[in-house]
Amino acid sequence: MSARPPTYRLRLQWPATTDAVQARATHRVVSHQISSCGIYAPVLIYIPHFLILWDMGTELTRPHEKALMLLFAELESTAAEQRDAFLGTPGALTERANENGTRFWVHRFSDGVGRRREDYLGTADNEAVIARVRDLRGRIEAANATLARIRILARAGFATADRKTYSTLASLHNHGLFRAGALLIGSHAFGVLLNVLGVKSVPYATEDVDIARREQLALPGIPPFLEMLRETGIEFFDVPSLNRKGHPTSYAEPGGSRLKVDLLAPSPDETYPTIKVPELNAYAQGLPYLKYVLSNSQEAPILSPHGVVMVRVPVAERYAIHKLMVSQLRGTVSSKAAKDLRQAATLLEAVVERFPGAIEDALSAVPKSAERYLRRAMPALRRYLPASAEAVWDVLPSKT
């Protein structure tokens with residue numbers, strides 16, 4: 001009997017800054033190519049960081065099938081007609097009887113952190129309670145049908161938010177913040193925009209929820225911002241300011257969680273002031289040039305395995321141009337600058353194909369004082385936006 005050939009483990013050496021998702025993907029490709037030859041040999045491969053991040057000869061996005069986009073449009077209509085979203089699971093209705101024989105209804109569900117909860121609805125012989133149960137049963141059935149459709153899109157590569165993010169945004173939606181003009185920005189907005197544009201790209205990972213408002217929201221009689229967040233069942237707390245006399249502008253979940261909600265507002269200049277938000281009984285962190293990205297927005301659905309809810313996000317071209325500017329405002333050691341450039345490149349490539357002239361319009365609205373940051377971003381952008389994306393490069397400002 002012939003001796004079995006020796007088996008060796010494939011070991012790939014990555015730079016410390018390599019994107020983990022791309023590293024795993026490249027590991028699978030190289031492993032397959034070597035093992036498919038029928039020969040196993042020790043291999044030590046060093047792949048430069050710039051080659052792992054992007055294949056500069058390929059597109060950054062891939063379109064979704066038309067049938068999936070029709071399903072997405074149906075979910076958008078469902079979300080637009082939704083009065084109030086469940087902050088946890090849709091749950092189930094149960095009729096019970098107490099020790100006196102009185103029958104009553106309860107709504108059993110899991111909240112934003114997965115805790116089992118019950119809401120008492122009232123006695124079973126009360127006409128108002130019967131009507132409420134009937135309405136709630138219809139909402140639960142509709143929500144479960146929606147979740148089944150979302151699973152189809154999630155498996156096809158549509159961007160989705162996790163349970164806690166979804167519950168947080170659903171609570172703000174229920175209080176009317178997004179319809180009044182508040183915006184979701186940051187990486188969760190990037191995921192929403194990918195879905196709206198009908199494309200999939202490199203997955204993003206974030207536990208930060210960034211909420212911004214351009215001007216005072218017309219929302220009288222609403223609870224303070226922190227109370228809205230706590231309605232999810234998540235025990236958010238104020239994150240103390242680095243300045244002892246400063247006001248908190250962020251809210252986090254205790255217990256070592258990385259979930260954090262930042263409240264943001266436009267800065268009048270290139271500083272980062274703390275700005276009072278009286279209608280929310282809160283304070284926001286001022287960000288330079290935020291007014292630019294907040295000036296043109298749209299309502300769109302954010303998908304989650306736990307539901308769908310309408311939010312307001314910037315239009316894709318302004319989001320991308322703002323990311324280019326912000327990448328140059330960050331410190332040279334900031335890891336977020338690379339994420340800014342990556343997101344900008346991805347959206348610019350998708351927008352130029354679907355909305356001719358949109359990037360030019362967005363560039364024409366850039367403040368004069370920010371133009372130098374755009375030009376400064378061009379050399380760095382070349383690492384993320386392929387040279388083959390000629391339609392984008394033709395409209396971007398010169399790096400000189």
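Reply: Helix α4 is followed by Gly-157, which has a positive phi near 105 degrees; helices (H or I, at least four residues) and strands (E, at least two) are DSSP runs numbered from the N terminus. The model is a predicted one, in which local features need pLDDT of at least 70 and side-chain atom pairs count only at pLDDT 80 or more, while totals for chains, interfaces and linings use all residues. Residues are numbered from 1 along each chain as its sequence is written, and side-chain values use heavy atoms, with hydrogens and water left out.

Let us begin with the helix itself. It takes in the 29 residues 127–155, which at 1.5 Å a residue should span 42 Å, and its end C-alpha atoms are 43 Å apart, which agrees; the expected span is 1.5 Å times one less than the number of residues. At the start of α4, a side-chain oxygen of Asn-126 comes within 2.8 Å of the backbone nitrogen of Ala-128.

Next comes the question of which residues of the helix are hidden. Val-129, Val-133, Leu-136, Ile-140, Ala-143, Thr-146, Leu-147, Ile-150 and Leu-153 are buried in α4, where buried means under 20% relative accessible area, exposed over 50%, and partly exposed in between (1.4 Å probe, protein chains only). These buried residues pack against α3, β4 (92–97), β5, β6, β15 (297–304) and β16 (307–314), and contact here means heavy atoms within 4.5 Å.

A search of the whole structure finds 5 aromatic pairs, and one of them is formed by Phe-104 and Tyr-120, which are tilted, with 5.7 Å from centre to centre and 45 degrees between the planes. Phe-104 lies in strand β5 (residues 103–110) and Tyr-120 in strand β6 (residues 116–123), so the pair ties together parts 16 residues apart in sequence. For such a pair, the ring centres of Phe, Tyr or Trp (its six-membered ring) must lie within 6.5 Å, and planes under 30 degrees apart count as stacked, over 60 as edge-to-face and the rest as tilted. Phe-104 counts as buried because its relative accessibility is 16%, whereas Tyr-120, at 52%, counts as exposed.

His-64 itself is placed in the loop between β3 (62–63) and α3 (66–81), and with a relative accessible area of 9% His-64 is buried.

In the largest nonpolar core, which has 84 residues, Leu-177, Leu-184, Ile-211, Phe-225 and Leu-324 touch the most other members. The largest share of this core, 8 residues, comes from α11. A second, separate core of 13 residues includes Phe-158, Leu-303, Val-308 and Met-310. A nonpolar core is a set of buried Ala, Val, Leu, Ile, Met, Phe, Trp, Tyr and Cys residues joined through side-chain atoms within 4.5 Å. As for α11, 14 of its 19 residues are buried, so this helix is largely enclosed by the rest of the structure.

A positive phi is also found away from glycine. Most residues other than glycine have a negative phi. Asn-281, although not a glycine, has a positive phi of about 50 degrees, and this residue lies in the loop between β13 (274–277) and β14 (282–287). Tyr-289 has a positive phi of about 60 degrees and lies in the loop between β14 and α9 (290–294). Asn-281 counts as exposed at 59% relative accessibility, while Tyr-289 counts as buried at 11%.

Finally, here is the chain as a whole. The protein chain has 14 helices and 16 strands, and 46% of its 400 residues count as buried. Among contacts between residues at least 6 apart in sequence, 66% join residues at least 24 apart.

Methods:
A polar contact is a pair of N or O atoms within 3.5 Å; within protein, one must be able to donate a hydrogen and the other to accept it, and residues adjacent in sequence count only if both atoms are side-chain atoms.
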